[in-house]
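Subject: Structure handover

Hi there,

Here is the structure I promised to pass on. Please open it alongside this note, and my findings follow below.

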Amino acid sequence: MQFHHHGYVSGDPRVENAAGTGIDRPEELPDETDVLIVGSGPAGMLLAAQMSQFPAVSTRIIERRGGRLPLGQADGIQPRSVETFQAFGFAERITAEAYNIGYMNFWGPDPEDPSRIRRTSRTEDYGLKISEFPHLIVNQARVLDYFAEAAALGPGRIRPDYGVEFVALTRDDADEYPLAVRVRHVEGARAGEERTIRAKFVVGCDGARSGVREAIGRRHVGRFAAHAWGVMDVLVNTDFPDWRIKCAITSEAGNILHIPREGGYLSRMYIDLGEVPDTDNRAVRSTPIEEIIRRANEILHPYSIDVKQVAWHSVYEVGHRVTDRFDDVEDGDGRTPRVFLTGDACHTHSAKAGQGMNVSMQDGFNLGWKLGHVLTGLAPASLLSTYSGERQPVAQQLIDFDREWSSLMARKPHEISDPDDLANYYLATAEFPSGFMTRYEPSAIVADDRHQALAEGYPVGKRFASVPVTRVGDGNVVHLGHHARADGRWRVYAFADPDAAALGTWAEWAASADSPLVRFTPAGADVDAVFDVKVVYPQSYDEVDLLAVPEVFRPRTGPLGLMDWEKVYAAGPGAWNSVDIFAERGIDRRGAVVVVRPDQYVAAVLPLEATAELDAFLTGAFAG
């Protein structure tokens, strides 16, 4: 973590200096705001944390609840989400309190006595095989707390306006603030009062029954499956031996997905309640907790649970729906999107795949930096059209995956020909549930893959996968990608050729007035305010003369003009690092440039010599 570059810091370095709208931020909800976020769920709170890094933009977030969420329904945290937490500065802290999924075990009927279950297989969890980040279980409420902290401590000092609900919305493009949002106070002295807030952009993060979605005429497309599940968070005594291991359990009496939770004692159980007839009229949702517990014990036979406390429970029918579009415009109508949908407002599904909160957060991460760039004048308004185009296909992939997983989980024993097929499916599809399958198509902010062979391990359009490298300034081994924070900046990684001749030419160009890295950095801003430029040399760190490294990789920033010592790395293996990033990620030894978007997705792979191509790409992204 870097600090002090604006002067000595004696307090908590996570508390950034207030700036722009974060200085003297009004307590009362103003009449006008640039961005109005509706709903403080995972997508909304991540979006608020991201917008806090753009303090020149006024952002407010309204929430109908009177305060923080005390207990959330979602709890599964995929490795990609932990990687995102790292970018926002709290991965280590939330990992310390979470349950880390190390294994998933599978249980089925005992062939000698099908009324009893037995363990059929043990599998290592996919998390640590596919990433340096773990697969966690932690209460959604704690995730929101951490994002709320990041938003409040960022330069924009954003805090939710609790006790305010969305009522209606209209759009008039003739107005500087085109969106008129009707809101109602539902808490406190002003309860019942309605007023209109004008906004440039509105983001609906308000759940499956989204009022924002209804206001812009978007439709949830899909259906409910005729299968119901009870879910409960419980504290129990039990003789089931895998109580603290994630388990998929199939028996003659039904199915259970069992997920231990944080704290060492709490566990969540999804209990199969069976098929729901068309005439049920949702009566299954009134299933009492006593019946859910009875079903659980029936499925677990010969084991049992003695429930001491139920922290939370619910009943749901599996539903798979995707909204027809994630913004308020149609293709080709020439208008700038002004209203966006995220999370459950645009995709709903079962909870058993553990994807809802995770995909929702990536919706917010995708959208936040784009709003920041457009509203600060860094990028054209057309950038905002990429949000729906990029995130809607991801939502459809989620629905398709969840439909398959839910169907497999709901099978009866006689429908299973191979007792290991569920375990095999779980491992074979690991890239999707871990959050790493997403690949964005070519656009103004994703180049084509004509130079992909220069860095095969960094597929254009996929997230930048970190690798340990040695920081030349101090010899410490660090993950290259972990230095990147969710601060709205692009990353440009230059991988040097053996004698650094091509690198030197590239660096001279990058620092010149003709370079887009200079042209698109606002006058008076730090030289790395928009583009964080780093270099990785192929040799060991003690063979790199730091003071001979081109100055573009040693910028002087902040009011004191202090040199940044942490942008120069070495790939060569040594006593503390046995990994060579060139070999690990298939990077051509002649060198390459990898450009990464603020949301950690690879935007372009280019040769060091291709400065004209890099210029053209960034000009398209920033000037439109």
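A word on terms before the details: a residue is buried when its relative accessible area is under 20%, exposed when it is over 50%, and partly exposed in between (1.4 Å probe, protein chains only). Helices (H or I, at least four residues) and strands (E, at least two) are DSSP runs, numbered from the N terminus.

On provenance, this is a predicted model, in which local features need pLDDT of at least 70 and side-chain atom pairs count only at pLDDT 80 or more, while totals for chains, interfaces and linings use all residues. Residues are numbered from 1 along each chain as its sequence is written, and side-chain values use heavy atoms, with hydrogens and water left out.

Just after α2 comes Gly89, with a positive phi of about 90°.

Ser434 sits in the loop between α10 (421-428) and β19 (468-471). Ser434 counts as buried because its relative accessibility is 0%. Which residues does Ser434 contact, leaving aside its neighbours within four places in sequence? They are Gln78, Pro79, Arg80, Tyr126 and Ile130, where contact means heavy atoms within 4.5 Å.

**The chain as a whole**

The protein chain has 14 helices and 27 strands. The C-alpha trace spans about 75 × 60 × 50 Å along its principal axes. Of the 624 residues, 58% are buried. Among contacts with a separation of 6 or more, 73% are between residues 24 or more positions apart.

**Nonpolar cores**

A nonpolar core here is a set of buried Ala, Val, Leu, Ile, Met, Phe, Trp, Tyr and Cys residues joined through side-chain atoms within 4.5 Å. The largest has 112 residues, and those with the most contacts inside it are Phe147, Val202, Leu371, Trp490, Trp506, Phe531 and Phe553. Apart from it lies another core, of 31 residues, including Val467, Tyr493, Phe582 and Ala592. In soluble globular proteins, nonpolar side chains tend to be buried together.

Phe531 touches Trp490, Val492, Pro516, Leu517, Phe520, Thr521, Leu618 and Phe622, not counting residues up to four places away in sequence.

**Backbone spots to look at**

Most residues other than glycine have a negative phi, and most peptide bonds are trans.

- The peptide bond from His301 to Pro302 is cis, with omega near 20°; Pro302 is in the loop between α7 (289-300) and β16 (305-323).
- His4, in the segment before β1 (32-38), has a positive phi of about 80°. His4 is partly exposed, at a relative accessible area of 32%.
- Gln600 has a positive phi too, near 80°, and lies in the loop between β26 (592-596) and β27 (602-606). Gln600 counts as buried, at 10% relative accessibility.

Best wishes
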